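The sequence and coordinates come first.

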Amino acid sequence: NKGGWLAEYSLSSHEFQTKQTFAETLLQLAQLDEVIGPTDARSAIKRLYQLCAQRIFQPQTTGQPALQVLGTLEASGLTFDALWVMGLNESVWPAPAQPSPFLPISWQRQHHTPNASSEVQWSFAQSVMSRLLSAAPEVICSWSRMDKDSELRPSSMLQPWLPGLNLEAPQRKDWVAQAAFNWDPNGFARLSDEVAPPVAFGEHVSGGSGLLKAQAICPAWAYYRYRLGAKELHTPQEGLDNAARGTLVHDALCVFWRRVTSLEALHGCSPSALSLHIEQSVDQAIDRYNHEPDHLPLRPNEQALERDRLIQLLQRWIAIEQRRSLAFRVIETEKSVQINLEGLEMRLQIDRIDELDDGRWIVIDYKTGRSVDLKNWASKRLTEPQLPLYAVMSWADSTDVAGVVFGKVRLRNKEAGFTGITAEEDLLPAVESLNSSKQRGLFPPEAFPNWISVLQHWQMQLHAVAREVRQGLASVTFEKESALQYCEVKPLLRLSERQLQLEQWLRGEST
């Protein structure tokens with residue numbers, strides 16, 4: 001079973017194709033016995049690594065994907081709505097000649113065998129380009145301008161079609177598609193990519209509060225991730241990842257508060273009854289996870305370990321809830337709501353809403369990670385917009401929201417607890433109100449005289465960020481690069497290239 005790899009469960013189509021391709025690569029390695037003879041494990045692993053790196057593999061897809069990333073040979077013979085041929089640099093296209101070392105080079109050149117000479121490579125590249133240029137109504141060809149500190153040149157095959165270098169060439173050619181660009185004297189296009197097409201009427205933009213968060217941190221992040229749908233490749237991990245563990249915690253707490261619906265009911269539970277509620281809530285959450293179709297069920301040893309972890313987490317968290325002094329009842333858990341913000345339809349998932357005896361709400365969002373930033377709530381860019389969005393949404397429906405808090409559900413006692421802001425003191429353990437000295441350091445009285453002014457600030461800033469999304473603002477601007485730590489599309493921001501351009505500008509090498 002190839003060392004146990006992909007051998008635990010029934011395989012998906014992609015996993016099966018990957019396993020078959022790896023098995024074929026192992027067979028290639030075995031066939032080297034006739035050439036290299038006996039070898040040690042280190043050398044065998046090195047050769048296997050080389051074979052895997054050289055193997056071109058892409059699993060077959062089902063249906064018709066909207067976007068395909070293909071090699072030049074894979075794309076030959078296919079048709080597209082639009083095609084972008086990238087990386088056409090002088091050093092790689094046409095590919096350098098690589099004659100076989102096992103045949104006379106002169107004989108290979110005489111018979112025009114593949115890779116024999118630059119003439120053969122040029123002819124082959126022209127044939128491939130001819131097929132690609134007829135594969136779509138619009139074809140864009142591009143090349144890299146820089147590689148670190150080295151300036152690169154386009155392929156000489158594109159030379160006749162580069163605007164500004166051949167005045168006899170037509171103004172529009174499929175080799176290099178032009179679209180009302182401004183061309184500088186050196187023949188390079190200058191296109192501002194800071195503004196994307198506005199969101200069209202009826203266009204769906206997914207992401208919810210994540211969209212607003214990305215837009216507030218870096219508009220290009222929001223555009224690439226949520227409007228273009230770019231995602232990072234999933235990293236295989238043995239067992240549960242952090243996201244799955246967080247989901248289990250949310251589900252277990254959701255089940256618990258549907259069983260124990262108020263502080264009064266919580267105080268009325270005996271220790272044995274409380275333990276039973278916690279265990280049954282955890283078991284129900286794990287059972288739900290095991291029956292989800294988009295992932296594999298937990299193995300028995302994994303399930304036992306995760307069950308123990310969840311029980312400990314809930315026990316410590318419920319102990320914090322028991323210290324609350326004001327009576328409350330849980331009126332919503334994992335509530336899904338649909339809102340419209342500046343014409344953007346958003347679906348939100350509210351972890352929990354508590355109602356106090358006087359009818360006011362406390363909105364709670366569970367956090368199982370370490371990063372919780374509240375300082376931005378008083379700034380012009382709400383980089384943690386989730387709770388403010390919930391508060392503004394409820395306030396707009398004439399509901400009196402008395403506080404918004406994160407519930408930090410963690411095993412370490414010093415890291416667990418509530419954190420956020422409330423309208424007045426003593427609504428939640430260790431949560432300071434707007435009028436406390438700590439919160440006044442973030443929310444100065446001259447700008448935020450009362451709780452309503454905080455809600456109004458959040459409402460104004462959230463609408464401003466939503467308008468940016470609608471207008472298509474997609475610039476690569478951010479306050480600090482550390483805010484991009486969890487950006488899934490960071491390579492698309494080309495931060496190194498922009499840093500190089502900035503350094504050139506500071507040295508007076510570029511305008």
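## Helix α11

The buried residues of helix α11 are L274, I278, S281, V282, A285, I286, Y289 and N290. They pack against α9 (242–259), α10 (263–267) and α12. The model is a predicted one.

Helix α11 covers residues 271–290, which is 20 residues. From its first C-alpha to its last it reaches 29 Å, close to the 28 Å expected at 1.5 Å a residue.

In soluble globular proteins, nonpolar side chains tend to be buried together. Here the largest nonpolar core has 57 residues, and W377, V404, W458 and L493 have the most contacts inside it. At least two residues of this core come from each of α7 (209–217), α8 (219–227), β7 (328–341), β8 (344–356), β9 (361–367), α13 (386–396), β10 (401–408) and α15 (451–471). The largest share, 8 residues, is supplied by α15. Another core, of 40 residues, lies apart from this one and includes F256, L263, L310 and W317.

Which residues does V404 contact, leaving aside neighbours within four places in sequence? They are V363, W377, L387, A391, G420, I421 and W458. Of these contacts, W377 and W458 are also among the residues with the most contacts inside the largest core.

## Aromatic pairs

The count of aromatic pairs comes to 9. In one of them, the ring centres of W317 and F418 are 4.9 Å apart and the planes stand at 65 degrees, so the pair is edge-to-face. Because W317 lies in helix α12 (residues 300–322) and F418 in strand β11 (residues 417–422), the pair ties together parts that are 101 residues apart in sequence. W317 and F418 are both buried.

W451 and W458 form an edge-to-face pair, with 6.2 Å centre to centre and 80 degrees between the planes. Are these two residues buried or exposed? W451 has a relative accessible area of 10%, so it is buried, the cut-off being under 20%. W458 is buried as well, with a relative accessible area of 0%. Ring pairs link W451 and W458 with W377 and F406 into a cluster.

## Charges over rings

Two arginines are placed over aromatic rings. R324 lies over the face of F328, 3.7 Å from the ring centre. For R352, the charged end sits over the ring of W257, at 4.4 Å from its centre.

Notes:
Residues numbered from 1 in each chain as written. Predicted model: local features only at pLDDT ≥ 70, side-chain atom pairs only at ≥ 80, totals over all residues. Heavy atoms only, no water. Core = buried A, V, L, I, M, F, W, Y, C linked by side-chain atoms within 4.5 Å. Buried < 20%, exposed > 50% of the residue type's maximum accessible area, 1.4 Å probe, protein only. Helix = DSSP H or I, 4+ residues; strand = E, 2+ residues; numbered from the N terminus. Contact = heavy atoms within 4.5 Å. Phe/Tyr/Trp six-rings, centres within 6.5 Å; stacked < 30°, edge-to-face > 60°. Lys NZ or Arg CZ within 6 Å of the ring centre and 35° of its normal. Expected span 1.5 Å × (residues − 1).
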